[in-house]
Amino acid sequence: MIAATIVPTRLRFGLAALAIGAVSTFGSAAYARGPEGIADVAEKVIDAVVNISTSQTVEAKGGGSNTMPQLPPGSPFEEFFDDFFKNRKGPGGGKGGDNGGGPPHKTNSLGSGFIIDTSGVVVTNNHVIADADEINVILNDGSKIKAELVGVDKKTDLAVLKFKPPKPLVSVKFGDSDKLRLGDWVVAIGNPFSLGGTVTAGIVSAKNRDISSGPYDSYIQTDAAINRGNSGGPLFNLDGDVVGVNTLIISPSGGSIGIGFAVPSKTVAGVVDQLRQFGELRRGWLGVRIQSVTDEIAESLNIKPARGALVAGVDDKGPAKPAGIEPGDVVVKFDGKDVKDPKDLSRVVADTAVGKEVDVIVIRKGEEQTKKVTLGRLQDPDKVQAAVKTDEPPPEKPVTQKALGLDLAVLNKDLRTRYKIKDTVKGVVVTNVDANSDAAEKRLSAGDVIVEVAQEAVASGADIQKRVDQLKKDGKKSVLLLVSNGDGELRFVALSVQ
């Protein structure tokens, strides 16, 4: 079985080489025909699409002049160079490569971009120009001009460049990616495998695609041929407006198999405006930690259907705190926009202007409430601290209570020391988890502290059992726990009570 790989579509070269192979193609005339407007679109915008050439000085990795060049996976040159370097003799006629590291050398990368302002402003992908010592823009007529970096946003993989035009330029404008429909025809133009000015066409295969490549994933998926070197190039609608920036492909070989992804123009336009104005991104910040609302959690909170983003924690210094947002609230609407899941909330908050006052609708204990929040600014880089689990000694017996497949004990000084639980954390500590229980499947572990059960504080195992018994009488299928780790980081966990 061949494993598919998500591949950034920048093309790297270690040595210059060119090979031409014959390829047979089959397909019906009707399919090959496509819409009549493609040629008009290409002719209109081709001069606004540029190639991006970068160079970077790197240290040789123990091969000197005999080092294998970096090539795209599946490249037709891979086998040739592999044989060449394996059979090549080292310096002085000896066998093998140079034992020394060799002097630093330059590597080159190629990508694509497009002009959005005739003053010489270019949009491309961040990964096309990342770590480059020199960046050059190559116009459609072959003119090569040195460019300067205006700013980058790593989270959306976008960059803005600036260069001095040697002649009048052609620019393109952004279209509305929200108006794209599945099946709409789109046109990609770029620099695949250094073959500049290449036009391909296809349809919109999917929208709002999340491939877990970043916190704000919402890609346009297209079957237009996108290959290495297309990175940063534009995706046009049939009006000649840019509706996306081609960024990634899924491929087992590095070549196009008809699954490409473009950052939608709605996202790109906002990022580009901020990079041009500030040289950086200034994203909105709500100051909450969120998690998904599973069916079990929705049932526990009386939310039908399951939707929204569950607030698991509130930053003491964040904007949500003074607005009255609390752990256990489920955000279902933000600034007039529906929130279906945590990704929706992350994207809409990030896209909202810093300092803007917005209405946030939350569900609390089954009822909707509106909170007014003045957004802060998300600091970059984000400081994300992962909880570190350490090997703990076997739990001491006896425990004070058993419930939900958990051994529970009242927090005391000895238990705080054993599990490294801060004094600010209050609740009932888990000392053991039944391996066959629902709690084990939900990854509860010794040292976790149950703070609330069904949104009520608990101080002992007896409190927990009492709440569980009441929920069973009420016909509930699950119970919602608010769980803390030793550092005080909270999350919600729904466990079956059946």
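Buried here means under 20% relative accessible area, exposed means over 50%, and anything in between is partly exposed. Keep that in mind for the close-ups below, which all come from a predicted model.

**View 1. The whole chain, for orientation.** The secondary structure comes to 11 helices and 29 strands. Of the 498 residues, 46% count as buried. If you take contacts between residues at least 6 apart in sequence, 64% of them join residues at least 24 apart. Average pLDDT is 82, and 79% of the residues score at least 70. Two stretches need some caution. Residues 13–31 have pLDDT below 50, with 15 contacts in the model beyond near neighbours in sequence. Residues 87–100 also stay under 50, and here the model has 20 contacts beyond four places in sequence.

**View 2. F114 meets F174.** Rings count as paired when their centres lie within 6.5 Å, and planes over 60 degrees apart make a pair edge-to-face. That rule gives two aromatic pairs. In this one, the ring centres of F114 and F174 are 6.1 Å apart and the planes sit at 85°, so it's edge-to-face. How accessible is F114, and is it buried or exposed? F114 has a relative accessible area of 0%, so it is buried. F174, at 25%, counts as partly exposed.

**View 3. Y219 and F261, the tilted pair.** Here the ring centres are 5.9 Å apart, with 55° between the planes, which makes the pair tilted. Y219 belongs to strand 11 (residues 219–222) and F261 to strand 14 (residues 260–264), so the contact ties together parts 42 residues apart in sequence. Y219 is buried at 8% relative accessibility. F261 is buried too, at 2%.

**View 4. A charge over a ring.** R282 puts its charged end over the ring of F278. The distance to the ring centre is 3.8 Å.

**View 5. P234 and its neighbours from elsewhere in the chain.** P234 sits in strand 12 (residues 234–236) and, at 0% relative accessibility, counts as buried. P234 and F114 are 120 residues apart in sequence, yet their C-alpha atoms are 6.5 Å apart in space. Beyond four places in sequence, the contacts of P234 include V49, G113, F114, V187 and I189. G244 and N246 are also among them.

**View 6. Strand 8 between strand 5 and strand 7.** Strand 5 (residues 121–124) pairs antiparallel with strand 8 over four bridges. Strand 7 (residues 144–153) also runs antiparallel to strand 8, joined to it by five bridges. Which strand 8 residue is the bridge partner of T124? That would be A159, and A159 is the bridge partner of V152 as well. Four of the five residues of strand 8 are buried, so the rest of the structure largely encloses this strand. On strand 5, V121 and V123 point one way while V122 and T124 point the other, and all are buried. Look at the strand 7 and strand 8 hairpin too: it has four residues between the strands, and D157 there takes a positive phi near 60°.

**View 7. The largest nonpolar core, and a second one.** In soluble globular proteins, nonpolar side chains tend to be buried together. The largest nonpolar core here has 29 residues, and the members touching the most others are F114, V123, V172, I189, F236 and V268. Elements giving two or more residues to this core include helix 2 (38–45), strand 13 (242–251) and helix 5 (265–278). Strand 4, strand 5, strand 8, strand 9 and strand 14 are also on that list. A second, separate core has 21 residues, including V428, I450, V479 and V497.

Key
Residues are numbered from 1 along each chain as its sequence is written. This is a predicted model: local features need pLDDT of at least 70, side-chain atom pairs count only at pLDDT 80 or more; totals for chains, interfaces and linings use all residues. Side-chain values use heavy atoms; hydrogens and water are left out. Rings of Phe, Tyr and Trp (its six-membered ring) pair if their centres lie within 6.5 Å; planes under 30 degrees apart count as stacked, over 60 as edge-to-face and the rest as tilted. Buried means under 20% relative accessible area, exposed over 50%, partly exposed in between (1.4 Å probe, protein chains only). A charge sits over a ring if NZ of Lys or CZ of Arg is within 6 Å of the ring centre and within 35 degrees of the ring normal. pLDDT is the predictor's confidence in each residue, from 0 to 100. Contact means heavy atoms within 4.5 Å. Two strands pair if DSSP finds at least two bridges between them. A nonpolar core is a set of buried Ala, Val, Leu, Ile, Met, Phe, Trp, Tyr and Cys residues joined through side-chain atoms within 4.5 Å.
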